[in-house]
Amino acid sequence: MKTFLFRSLIGIFFGGFLAVLITYSIILFGDQTTLDSSLFVKNSLGHIFCGWLFSVTPLYFEIRSLKLSQQTALHFVTVMAAYFILAYGIGWIPQGIASILLFTGVALVLYSVIWTAFYLYYKNQIKKINEDLKHIH
C-alpha cells in the first residue's frame with residue numbers, strides 16, 4: 001500500500017509538472033497571448049491522471065503470483081482502456097473511426113517497443129546478477 005501511495009504521488013506531481021511545461025511551451029513558442037481556463041483545467045487534469053496511471057500500473061509486474069503474460073495483459077488492457085477513454089473524452093484523439101484506428105495502431109506499436117525494451121533491459125540485468133553470483137561462490 002505504501003508503494004502504491006508513493007507512486008501515486010510521484011505520478012500526480014510528474015503529470016502536473018508536465019502540464020505546466022506544456023502550457024509554458026504553448027505560451028512561449030506558440031505565440032499564445034491568452035489561455036482558455038477551462039481548456040487548461042481539462043488538459044492539466046488529464047496530464048495529472050496520465051502521470052498517476054503510468055506510475056501505478058507497472059505494479060502489475062510486481063505481482064509474483066501472475067505469469068509475465070498475465071501481468072502484461074492486465075497492464076496493457078488497463079493502460080489502453082483508461083488512456084483511450086481519457087484521451088478521447090478530452091479531445092486528444094479527434095473523433096472519427098480513422099483517428100481511433102490510428103491511435104490503436106500507434107499505441108500497439110509504442111507499447112510493443114517499450115515492453116520489448118524493458119524486457120531486454122531486465123533480462124540483461126538478471127544475466128549480470130547471475131554472473132556476479134557465480135563469482136561469489
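Reply: Helix H1 (residues 2–29) packs against helix H2 (residues 37–56) at an angle of about 145°, and their axes are 7 Å apart. This is a predicted model, where local features need pLDDT of at least 70, side-chain atom pairs count only at pLDDT 80 or more, and totals for chains, interfaces and linings use all residues. Residues are numbered from 1 along each chain as its sequence is written, and side-chain values use heavy atoms, with hydrogens and water left out.

Me: Which hand is the crossing of H1 and H2?
Reply: H1 passes H2 in a right-handed crossing.

Me: And which residues make the contact?
Reply: On H1 they include Phe 4, Gly 11, Gly 15 and Ile 22, and on H2 Phe 40, His 47, Gly 51 and Trp 52 are among them. Contact here means heavy atoms within 4.5 Å.

Me: How do the residues of that H1 with H2 contact divide by class?
Reply: Nine nonpolar, nine polar and one charged. Gly counts as polar in this scheme.

Me: OK, switching to H2 and H3. What's the angle there?
Reply: About 175°, with the axes of H2 and helix H3 (residues 68–90) 11 Å apart. H2 and H3 are therefore roughly antiparallel to each other (angles over 145 degrees count as that).

Me: Which residues make that one?
Reply: Among them are Phe 49, Leu 53 and Phe 54 of H2, and Val 79, Tyr 83 and Leu 86 of H3. By class, the H2 with H3 contact has nine nonpolar, two polar and one charged residues.

How values were computed: Axes fitted to C-alpha atoms, helices over the stretch in contact; angles between N-to-C directions. Helix = DSSP H or I, 4+ residues; strand = E, 2+ residues; numbered from the N terminus. Left-handed = near helix turned anticlockwise from the far one by under 90°. Parallel < 35°, antiparallel > 145°, perpendicular 65-115°, else oblique.
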